[in-house]
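Dear colleague,

I am passing on the structure we spoke about, followed by some notes on how its parts meet. Please read them with the structure open.

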Amino acid sequence: MEVAPSSLDLRRSHHLYGHAQRSIPGGVNSPARAFDSVGGTPLFIEEAEGAYLTDADGHEYVDYVGSWGPMLFGHAHPDVVEAVQEQAEASTSFGAPTEIEIEVADLVCDLVPSVEKVRMVNSGTEATMSAARLARGYTGRDKIIKFEGNYHGHGDFFLIAAGSGPMTLSKPDSPGVTEGNAKDTLLAPFNDLTHVERLVEAHAGDIACMILEPIAGNMGCIPPEPGFLEGLREICDDNDIVLIFDEVMTGFRVAPGGAQERYGVTPDLTCLGKIIGGGLPVGAYGGKQEIMDHIAPDGPVYQAGTLSGNPLAMRAGHAVLSKIAAEKDTIYDELEAFGRAFEEGIHRNLDALGLDYTTNRVGAMASLFFTDETVVDQETAKTTDTDAYAAYFHAMLEEGIYLPPSQFEAIFFGTEHGNEELEATLKAQRAALERIQ
Ligand code: KE4
């Protein structure tokens with residue numbers, strides 16, 4: 001598969017990208033938006049509504065990124081727009097407690113019962129960093145276990161790569177992260193309980209927490225194998241280790257109560273983001289009151305934030321979470337119906353061409369890999385043909401479909417993706433695949 005020359009007139013995006021690179025590193029405020037792994041110029045987006053994006057050159061696309069997850073109810077949902085407009089007129093932030101923060105906290109605790117208390121922050125990174133620090137402060141232990149291919153934001157303790165041997169010390173995965181940090185983060189392959197058991201045995205009594213994406217979304221979508229989450233729960237119970245589910249991506253997406261509701265495994269702490277802010281900067285971490293009461297000002301573990309829980313973001317989050325609470329008995333069935341029909345359509349399209357592929361999907365998050373392997377962890381995810389994905393990505397853009405600009409991201413769809421979008425996407429995929437064969 002070759003990346004076909006683009007027939008799209010992207011002159012405005014090209015111009016803006018050239019200008020952006022003069023004052024913004026890489027021309028983007030987050031590397032995930034760069035097209036480094038698929039090549040070409042990142043599209044500059046002008047506006048969006050429902051399931052559709054319009055770029056700076058006026059091209060319209062069906063959007064399967066959804067701002068990397070927040071847009072469960074589509075772009076510019078009237079409830080969110082009205083809430084933000086109304087709050088802006090009463091000022092955007094006070095740096096003091098507000099009633100809307102209580103309403104959002106209560107909604108989170110109602111939707112995610114394992115969360116007895118919750119602290120708002122401004123990003124998923126802040127949520128995971130704070131949760132890990134809290135677990136260390138609560139247990140008095142230093143080490144954390146994370147899983148290869150899981151992304152928890154850019155906190156130093158998470159930008160860590162596996163050491164050369166399975167049990168050797170980890171190493172920094174980015175310049176600027178110290179060896180001192182790396183030594184306290186242990187890594188295990190996703191879905192590998194045996195490896196976790198060996199790590200816990202080798203570091204008995206020194207592990208504060210283990211943190212994972214209960215459904216991996218940052219190496220493409222990879223569900224937990226049967227028994228994996230249950231096994232981690234048991235290991236944590238047996239060794240007084242805090243189990244943290246990073247549900248920044250899965251929270252409110254795969255069930256009202258996230259992956260922990262879908263799989264029936266309860267973590268001690270949960271990290272949230274994306275959907276909780278309705279597209280405004282919101283992260284959150286919460287869980288057992290006994291643990292959360294260790295957070296300042298009640299307890300000694302420090303965490304703070306100027307704009308944490310600011311009323312503008314809280315009003316947007318409240319609009320989305322209220323809609324989830326009111327419609328939770330129907331929207332997840334609708335998302336499942338779309339996802340199932342979409343996945344079946346993709347299989348028909350690719351089977352017709354005899355291509356090597358596999359798909360993983362959980363509810364309204366999914367990935368298409370160009371490999372004949374079953375993708376269950378980072379090692380098998382890496383067998384995918386990333387050149388094929390790059391060609392597919394650009395061919396789908398040509399056909400009016402906006403996918404994540406990396407094979408190792410998940411696609412997201414929401415309640416505004418209906419039959420019209422389904423048919424258009426499957427038709428576009430047939431045309432795109434024909435073009436790059
Ligand atoms: P933020 O700091 O980007 O709000 O959240 C970090 C984070 C934490 N946990 C999980 C499971 C996440 O997926 C993320 C962020 N996700 C990426 C996309 N896979 C955000 C896109 C970006 O970095 O621009």
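The protein is divided into domain 1 (11-75 + 329-436) and domain 2 (78-324), with bounds that come from an automatic or database domain assignment. This is a predicted model, in which local features need pLDDT of at least 70 and side-chain atom pairs count only at pLDDT 80 or more, while totals for chains, interfaces and linings use all residues. Residues are numbered from 1 along each chain as its sequence is written, and side-chain values use heavy atoms, with hydrogens and water left out.

Taken over C-alpha atoms, the centres of the two domains are 25 Å apart. In contact across the interface (heavy atoms within 4.5 Å) are 30 residues of domain 1 and 30 residues of domain 2. Together the domains bury about 2300 Å², 66% of it on carbon and sulfur atoms; buried area is the accessible area (1.4 Å probe) that two parts lose on being put together, summed over both. On the domain 1 side, Tyr-332, Val-362 and Met-365 lose the most area to domain 2, together 27% of what that side buries.

The rule for a salt bridge (a side-chain nitrogen of Lys or Arg within 4 Å of a carboxyl oxygen of Asp or Glu) finds one across this interface. Arg-262 forms a salt bridge with Glu-336, and their closest N and O atoms are 3.7 Å apart.

With best regards
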